[in-house]
Amino acid sequence: FAYAYCRGRLFDTVEIDDGQYDTVADIFWATGACLFIRSDIFWKAGALDEDFFAHQEEIDLCWRIKNMGYRIVCIPQSVIYHVGGGSLPKGNPRKTYLNFRNNLMMMFKNLDAVSLCWKFPFRLVLDQLAALYLFLKNRDFAELFSIYKAQGAAIRRIPSLLKKRKQGRHFSAAHLSGTSVVWQYYVRGKRKFSEL
């Protein structure tokens with residue numbers, strides 16, 4: 001369902017770095033803070049989507065690049081200095097809004113038509129559950145409303161997202177994990193990437 005996670009971090013759980021992921025590996029996306037792309041592929045993929053802001057635009061770009069048949073590879077020997085989440089702090093309603101809105105837009109742009117027909121509506125339901133979960137956990141109405149607002153914004157953008165789909169030539173859900181990270185994390189209690 002296009003939830004972004006990575007080796008060493010699932011939702012709110014960040015693993016202690018004991019070198020367990022110090023291997024070169026194909027990955028679905030690389031963070032924009034340490035992403036190198038050949039310029040011809042960057043432009044051929046359509047560059048960063050200007051409708052995104054501050055969150056997930058690099059994941060959207062990586063998905064489009066993978067849909068074109070290219071690989072995204074992690075080179076753990078690289079050293080990157082980056083302040084994670086420096087634009088907006090965790091728990092900020094604007095950050096929550098952008099993460100949920102941008103993720104829905106990314107799904108709509110990149111999924112194949114069959115997957116889109118059932119995954120997008122199902123993801124809307126999952127986001128409603130996430131809103132309820134966050135409210136019960138934090139008792140924060142602002143964060144709750146930011147998720148509803150994000151869904152409305154993504155749905156209102158469907159006409160422009162359809163135009164972007166027409167511009168694109170490659171759609172796929174094949175690169176997504178075959179398992180639900182939501183199910184594994186919240187129901188089965190899996191807290192490490194290596195347990196998925």
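Helices (H or I, at least four residues) and strands (E, at least two) are DSSP runs, numbered from the N terminus. This is a predicted model, in which local features need pLDDT of at least 70 and side-chain atom pairs count only at pLDDT 80 or more, while totals for chains, interfaces and linings use all residues. Residues are numbered from 1 along each chain as its sequence is written, and side-chain values use heavy atoms, with hydrogens and water left out.

**Backbone**
- Ala-2, found in the segment before β1 (9-10), has a positive phi near 70° although it is a residue other than glycine.
- Gln-56, in the loop between α1 (39-44) and α2 (57-67), is likewise not a glycine and has a positive phi of about 70°.
- Ala-2 is buried at a relative accessible area of 9%, where buried means under 20%, exposed over 50% and partly exposed in between (1.4 Å probe, protein chains only).

**Aromatic rings**
- The whole structure holds 14 aromatic pairs, meaning rings of Phe, Tyr and Trp (its six-membered ring) with centres within 6.5 Å, whose planes count as stacked under 30 degrees apart, edge-to-face over 60 and tilted for the rest.
- Among them, Tyr-5 and Phe-193 form a tilted pair, with centres 6.3 Å apart and planes at 45°, and this pair links the segment before β1 to the segment after α7 (181-187), 188 residues apart.
- Tyr-133 and Tyr-186 pair edge-to-face, at 5.5 Å centre to centre and 70° between the planes, and they join helix α4 (residues 113-138) to helix α7.
- Ring pairs link Tyr-3, Phe-11, Tyr-133, Tyr-185 and Tyr-186 into a cluster.
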